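Colleague: Please take a close look at the aromatic pairs in this predicted model. Which rings pair, and how are they placed?

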Amino acid sequence: MSQPLVRLTYASTATFQSDIKGGIESEVARVLLESRRNNPKANLGGVLHFGNGYFFQCLEGPRDQVNRVYQKISQDTRHRNVQVLSTQSVDQRLFNDWSMKYLPLEENLSRLLKTHGQKAFDPYGLDDTTIDALLYACVNGVDPVAELGQPSADQSDNALTAWWKKLFQRRK
Ligand SMILES: Cc1cc2nc3c(=O)[nH]c(=O)nc-3n(C[C@H](O)[C@H](O)[C@H](O)COP(=O)(O)O)c2cc1C
């Protein structure tokens, strides 16, 4: 029998200094590359949200895989104070087409969070209703990394350019 499908969300605080390349934090780009390389093999999907120095991530997939990858992620030194916000068994995935969708904090998400009482994005304070609202907004949000194509900035950095190319490959 196949394993139950679960959805886990957590909050964490970035430990790296800001270094924006091609419109995205380079550490976040690395995280996305790793996620988009690894997650399809583990049948995992979800969304990664970064804003105000905080991460909010949703992982969806078979329970053991979600637990295994969450354990690995929680040891990662690029963030600290990693706290599970919610875990639930689900019948269906929200992020079907994504091994890891990326959404930065931008205007409409900020607006949504304001309607839930958050002046500045702080994922540790999210209640279940706001988590659900944020996730549904993330489903519909446009991933700028997927849409932009190859970034114009820092073309000289071959390694980074190669990462970008991989980053744009959406899971089929
Ligand atoms: C905020 C954050 C989210 C991450 N999300 C994922 C993820 O969804 N999948 C994944 O494989 N690694 C993720 N990582 C990276 C892992 O912690 C780890 O560095 C990576 O999986 C190692 O990949 P490797 O075993 O292929 O070297 C994340 C790291 C951070 C800081």
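Modeller: Rings of Phe, Tyr and Trp (its six-membered ring) are taken to pair if their centres lie within 6.5 Å. With that criterion, a search of the whole structure of this predicted model returns five aromatic pairs. One of them joins Phe50 and Phe55, whose ring centres are 4.9 Å apart. The planes of Phe50 and Phe55 meet at 45 degrees, and the pair is therefore tilted, since planes under 30 degrees apart count as stacked and those over 60 as edge-to-face. Phe50 has a relative accessibility of 11% and so counts as buried. Phe55 is likewise buried, its relative accessible area being 4%. Together with Phe16, the residues Phe50 and Phe55 make up one aromatic cluster.

A further aromatic pair is formed by Tyr54 and Tyr124. Here the arrangement is edge-to-face, with 5.8 Å from centre to centre and 85 degrees between the planes. This pair connects distant parts of the chain, as Tyr54 and Tyr124 are 70 residues apart. Tyr54 belongs to strand 5 (residues 54-62), whereas Tyr124 sits in the loop between helix 3 (107-115) and helix 4 (128-140). Tyr124 has a relative accessible area of 21% and is therefore partly exposed, the class that lies between buried, under 20%, and exposed, over 50%.

Key: Residues numbered from 1 in each chain as written. Predicted model: local features only at pLDDT ≥ 70, side-chain atom pairs only at ≥ 80, totals over all residues. Heavy atoms only, no water. Buried < 20%, exposed > 50% of the residue type's maximum accessible area, 1.4 Å probe, protein only. Helix = DSSP H or I, 4+ residues; strand = E, 2+ residues; numbered from the N terminus.
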